[in-house]
Amino acid sequence: MDIIERLLAISHYGSRWVLWLLIVLSIAAMAVVIERTVLFLSSRDDTARLRAELRRLLKDKDLELARRRLQESPSFEARVAVAGLDAEGVASAEERMQGESELCKLSMEKNLALLGTLGNNAPFIGLLGTVIGIVRSFRELQSSSGQVSAGLMSEIGEALVATAIGLLVALPAVAAFNLFQRIIRARMGRANVLAHEILAFMKAG
């Protein structure tokens, strides 16, 4: 069976299965967006205030209270800082905070690959539905002896809808992916600021 026969065999089932596939993928993407949004909202903290408090406590050499303040924070930035505060020596603190930074980044990036992949490939899935719809349109045109029929218009309409749905699924996925990546970069930047506060304290001591 050559490629044309395979395409014709696939087109026999119509393009509606492509539409359903896109709907299922969009639901999965929405679930990821909601889950990530909850994570980022629940792990927020006033990092500027946290940094000021941490600097004051370190200046007073109150390590126990500084550690407690960091542990009370729900933020990923505090997780990185407390990892360094529990270390012995500057080199050890740097390694621990670097390791914790990687773990925090991996945690924040969880499931984001689905959004990126869907954003890049949903239009092509929709295009597949369009190709199938066009093939079926030609078949309908042939069966109607070149006359425009309701069946022909239905096939063409379904083909165009597949492309539209592919774009509608891809655009929000790409937007959400880019937004979350920007949030992650900002969080990691603020974590780096707190890490430098810990290192500055250790080097001064």
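Which residues make a nonpolar surface patch of about 240 Å²? The views below start there. The model is predicted: local features need pLDDT of at least 70, side-chain atom pairs count only at pLDDT 80 or more, and totals for chains, interfaces and linings use all residues. Residues are numbered from 1 along each chain as its sequence is written, and side-chain values use heavy atoms, with hydrogens and water left out.

**View 1. The nonpolar patch.** Trp17, Leu21 and Leu128 make the patch of about 240 Å². Patch residues have over 30% relative accessible area and no salt bridge; like charges are joined within 9 Å and nonpolar side chains (Val, Leu, Ile, Met, Phe, Trp, Tyr) within 5 Å. A salt bridge is a side-chain nitrogen of Lys or Arg within 4 Å of a carboxyl oxygen of Asp or Glu. Areas come from the Shrake-Rupley method with a 1.4 Å probe, and for residues only the protein chains shown count as cover. Leu128 belongs to helix α7 (residues 112-143); helices (H or I, at least four residues) and strands (E, at least two) are DSSP runs, numbered from the N terminus. Leu128 is partly exposed because its relative accessibility is 36% (buried means under 20%, exposed over 50%, partly exposed in between; 1.4 Å probe, protein chains only).

**View 2. The aromatic pair Phe40 and Phe180.** One aromatic pair is found in a search of the whole structure. Its ring centres, those of Phe40 and Phe180, are 5.5 Å apart and the planes are at 35°, so the pair is tilted. Rings of Phe, Tyr and Trp (its six-membered ring) pair if their centres lie within 6.5 Å; planes under 30 degrees apart count as stacked, over 60 as edge-to-face and the rest as tilted. Because Phe40 lies in helix α2 (residues 16-42) and Phe180 in helix α8 (residues 150-204), the pair ties together parts 140 residues apart in sequence. Phe40 and Phe180 are both buried.

**View 3. Surroundings of Arg51.** Arg51 sits in helix α3 (residues 47-59) and, at 34% relative accessibility, is partly exposed. Leaving aside residues up to four places away in sequence, Arg51 touches Val193, Leu194 and Glu197 (contact means heavy atoms within 4.5 Å).

**View 4. Ser75 in a loop.** The loop between α4 (63-72) and α5 (76-85) holds Ser75, which is buried at 2% relative accessibility. Apart from residues up to four places away in sequence, Ser75 touches Ser43, Asp45 and Leu50.

**View 5. Thr130 in helix α7.** Thr130 is in helix α7 and counts as buried, with 12% relative accessibility. Not counting residues up to four places away in sequence, Thr130 touches Ala159, Ala162 and Thr163.
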